[in-house]
Amino acid sequence: MHDTAVHATHHGPPTSFIRKHIFSVDHKVIGKQYYALGLFSVLVGMVLSWIMRLHLVWPNFAIPGLGLLSPAGAPGGVVTPEYYLQLMTMHGTLMVFFVLTNVPFAGFGNYFLPIQIGADDMAFPRFNMMSFWVTFVGACFLFAAFFVGDGPPLAGWTAYAPLSTLGKITGPGEDVGQTLWAISIGIFCIGQLLGSLNFIATTLDLRTKGMTFMRMPLCTWAWFITSCIGLLAFAVLLPACILMILDRVAGTSFFIPGGLVVNDQLQPHSGGSPLLWQHLFWFFGHPEVYIAILPAAGIVSHILVNSYRRPLLSHKVVIYSMMAIGFLSYMVWGHHMFVSGMNPVSALAFSFPTLVITIPATILTLIWVGSLYGSKLRINSASLFALGFVSMFVAGGVSGFFLAQPSIDIYLHATYFVVGHFHMVMGVAAIFGMFAGTYFWFPKMTGRMMNETLGKAHFWFTFVGAYCIFMPFHYLGLAGNVRRYSTFVDDFMGPLMPVHKFISIAALCTGAVQLIFLYNLLHSRFWGKPASANPWEGTSLEWSTSSPPPWDNFGGKHPVVYHDPYQYGIESSTGDYVMQDSPEQIQTVRDDKKLTP
Amino acid sequence: MATTTHEPPRVERIGGSSGSGWRNLVPPATRNLRSVQDRSGEPAKTGVWVGLAAITMSFAAFTSAMVVRQGTAPDWRHLALPHILYLNTAILLASSVTLELSRRHIATYMGGLRLSAQYPARWLYITLFLGVLFVAGQYAAWLQLRSQGWYVATNPSSSFFYVFTWIHAMHVLGGLGGLVAVISKLRRGVLRRSTLDATSHYWHFMDALWLYLLFLLITKF
């Protein structure tokens with residue numbers, strides 16, 4: 001038997017292509033892999049939304065090539081009502097899971113969390129690699145649904161039972177497609193659980209010398225809080241998916257009630273509870289909203305404070321507000337189920353904490369906007385998108401006040417009002433956060449600058465376009481336009497068609513504008529201006545290392561942290577900021593009152 | 001390049017939230033810090049607690065599903081558990097005892113208090129054996145139920161029985177993988193105390209979880 005001993009073995013950076021770029025344990029490569037997966041998913045999801053918008057306003061329009069993808073769903077390229085629902089399900093699933101969760105949390109989080117706390121990798125690098133590849137396999141299962149049987153599922157991204165659990169009899173895509181969906185999401189949960197575990201252990205254990213919790217940048221805090229939310233939320237969705245798979249393939253009756261007759265056939269199930277699925281799903285589903293939005297809020301805080309060149313009104317209050325949002329997110333899932341036959345007292349119990357969430361959310365907004373006072377705002381693509389995020393967050397959040405109240409929600413439920421609400425506050429806001437993060441950190445990730453002119457053009461077109469698409473949704477909803485219908489040709493909703501046409505044209509144009517971003521991203525990656533280590537004059541640790549950082553982040557050293565993360569608006573040897581790892585004494589006592597505009 | 005020291009590493013940690021950069025206290029043999037971090041044990045301990053929190057949450061979800069399912073439908077026929085489960089329970093509890101014995105044994109050995117210890121891994125092998133025996137016993141219970149005509153879809157009670165026992169057994173297999181890793185590291189002389197501690201926390205948790213699941217399966221709400 002050997003003696004217990006330590007081997008300090010020298011590992012050089014990986015040299016083979018596979019270990020370096022594919023099965024890499026480097027958190028930076030994994031972060032980029034998540035980003036790439038998210039980028040691919042968002043493009044597919046966007047094309048799906050185009051097809052849906054085209055079909056809504058021109059129901060007989062034949063989309064070239066679509067007939068080849070799905071001869072049954074879109075014969076001759078004309079979308080059938082069922083195929084519309086299938087596209088909608090895939091759009092929702094791809095966007096919520098593989099875009100809104102993957103990019104701002106897993107993508108940017110993986111890349112920057114270890115660097116911002118001064119670590120040279122995640123706590124468990126191999127788990128980290130596994131979490132991405134597990135997620136990738138989950139994505140493969142989901143995409144496979146396009147090509148099997150009669151196509152992808154049609155039960156929506158919420159997959160309500162028993163529609164999602166009975167199999168072929170409930171419609172096209174409900175055979176193999178829905179099973180693939182459940183497997184995909186179950187696998188996705190495992191990936192996210194591994195990722196969250198890693199984020200938490202890394203933040204707790206690998207902070208460098210001097211990096212106290214309160215000295216962590218706001219985005220690090222957001223990723224940390226999000227990983228705590230994700231750990232508990234995905235741990236509930238995973239069992240729900242397992243039970244759903246069993247209902248579908250093993251003949252159990254967890255979610256399928258007894259005596260159910262579909263297409264004149266009595267279903268061989270008894271006693272299950274469709275509401276049980278809704279409870280399990282939304283216990284995950286509501287925190288998921290914050291899994292999407294909190295990292296974006298953190299990224300935006302980080303960028304805004306850099307662009308303002310002054311500290312935010314309160315660093316701590318931002319952190320506490322994000323914590324409060326995370327905590328409250330577990331107490332409000334029932335507000336998605338106001339029309340499920342819920343006891344009005346329960347509805348009230350869920351309505352109250354939902355309204356309470358608006359308090360920390362408002363505090364965040366007031367801090368972002370209020371800190372503009374006395375700032376020396378630097379307008380660039382990143383700060384524009386960050387400000388755009390605030391705008392979307394407010395515009396989309398305000399409609400939440402209405403939906404949080406059962407009496408109003410009963411009328412607005414399942415209308416375009418809800419669709420407009422969550423697309424703005426969760427979808428577009430989080431995507432603006434991603435754009436802001438991309439423009440801000442691209443120089444660090446690639447060593448090259450993005451084109452600012454194209455970036456600003458991209459912002460203005462996208463900003464105006466997003467409002468043109470999603471603001472009219474609220475109007476449609478108030479007018480009683482139900483969601484999930486594939487055409488509105490009857491007398492009741494026919495008069496709303498001009499609004500739908502406007503939205504569809506806006507969606508096509510805004511989608512096309514994203515080509516500017518794509519071009520900028522790819523062109524700058526190879527031919528952009530070389531970036532310095534700290535192009536935005538930032539203070540946090542990612543700007544202390546080279547662009548892009550070496551494989552162990554700080555070139556064999558560990559930074560020592562002396563300051564709070566956002567020492568802007570002061571006089572120092574470097575200009576108006578002091579970096580976190582600079583041992584320079586700060587002469588000016590920071591007092592917000594002294595920061596005159 | 002490898003350096004071997006005969007002193008087990010002792011990683012000290014400064015106060016909880018101070019961001020102490022505790023790794024820096026382990027002087028790297030080379031200038032490569034990633035190798036030091038790989039060897040550092042603390043994240044293993046944190047990680048296992050975080051992982052257990054997630055597992056707890058998953059089983060909380062399963063529990064609420066079972067309580068709801070049992071309470072809202074008239075089709076529940078309570079399942080009489082096979083007696084072998086009680087034997088399995090005893091085996092699993094015994095494995096925790098042997099793991100604890102081995103942990104103390106190895107701790108003494110690593111602390112240098114008893115350099116003459118010949119077989120520090122002996123109790124680990126016994127734990128491993130008991131763990132495998134437990135999984136085999138669970139498999140025997142499934143076979144027994146199947147021979148009585150209780151399949152996964154027979155009744156919600158059997159559905160939950162199979163789901164609980166199967167997922168618990170998967171977690172126990174994961175723990176067995178951890179034990180194999182610990183034994184292998186011990187044999188190669190690269191075991192860290194925190195790895196051993198994390199593995200044993202996980203294993204004891206699987207014990208407690210099993211007792212809880214057994215209680216759930218016996219009880220009719």
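Select Ala436(A) first: leaving aside residues up to four places away in sequence, Ala436(A) touches Ile299(A), Val300(A), Ile303(A), Ala382(A), Phe385(A), Ala386(A) and Phe389(A), where two residues are in contact if their C-beta atoms, placed from the backbone, lie within 7 Å. This is a predicted model, in which local features need pLDDT of at least 70 and side-chain atom pairs count only at pLDDT 80 or more, while totals for chains, interfaces and linings use all residues. Residues are numbered from 1 along each chain as its sequence is written, and chains are lettered from A and ligands numbered from 1 in the order in which they are written.

Ala436(A) and Ala429(A) have the most contacts inside the largest nonpolar core, which has 209 residues; such a core is a set of buried Ala, Val, Leu, Ile, Met, Phe, Trp, Tyr and Cys residues joined through C-beta atoms within 7 Å, and buried means that 20 or more other C-beta atoms lie within 10 Å of a residue's own. Next select helix H7 (residues 218-249) of chain A, which gives this core its largest share, 23 residues; helices are DSSP runs of H or I with at least four residues, numbered from the N terminus.

Now move to helix H6 (residues 193-218) of chain B, whose 26 residues reach 38 Å from first C-alpha to last, close to the 38 Å expected at 1.5 Å a residue, that is, 1.5 Å times one less than the number of residues. Its buried residues, including Trp203(B) and Trp210(B), pack against helices H2 (42-72), H3 (84-110) and H5 (156-188) of chain B.

Finally, colour chain B by pLDDT, the predictor's confidence in each residue from 0 to 100: the mean is lowest in helix H1 (residues 33-39), at 35, and highest in helix H4 (residues 122-147), at 96.

Note on methods
Helices (H or I, at least four residues) and strands (E, at least two) are DSSP runs, numbered from the N terminus. A residue is buried if 20 or more other C-beta atoms lie within 10 Å of its own, exposed if 12 or fewer, and partly exposed in between; C-beta atoms are placed from the backbone.
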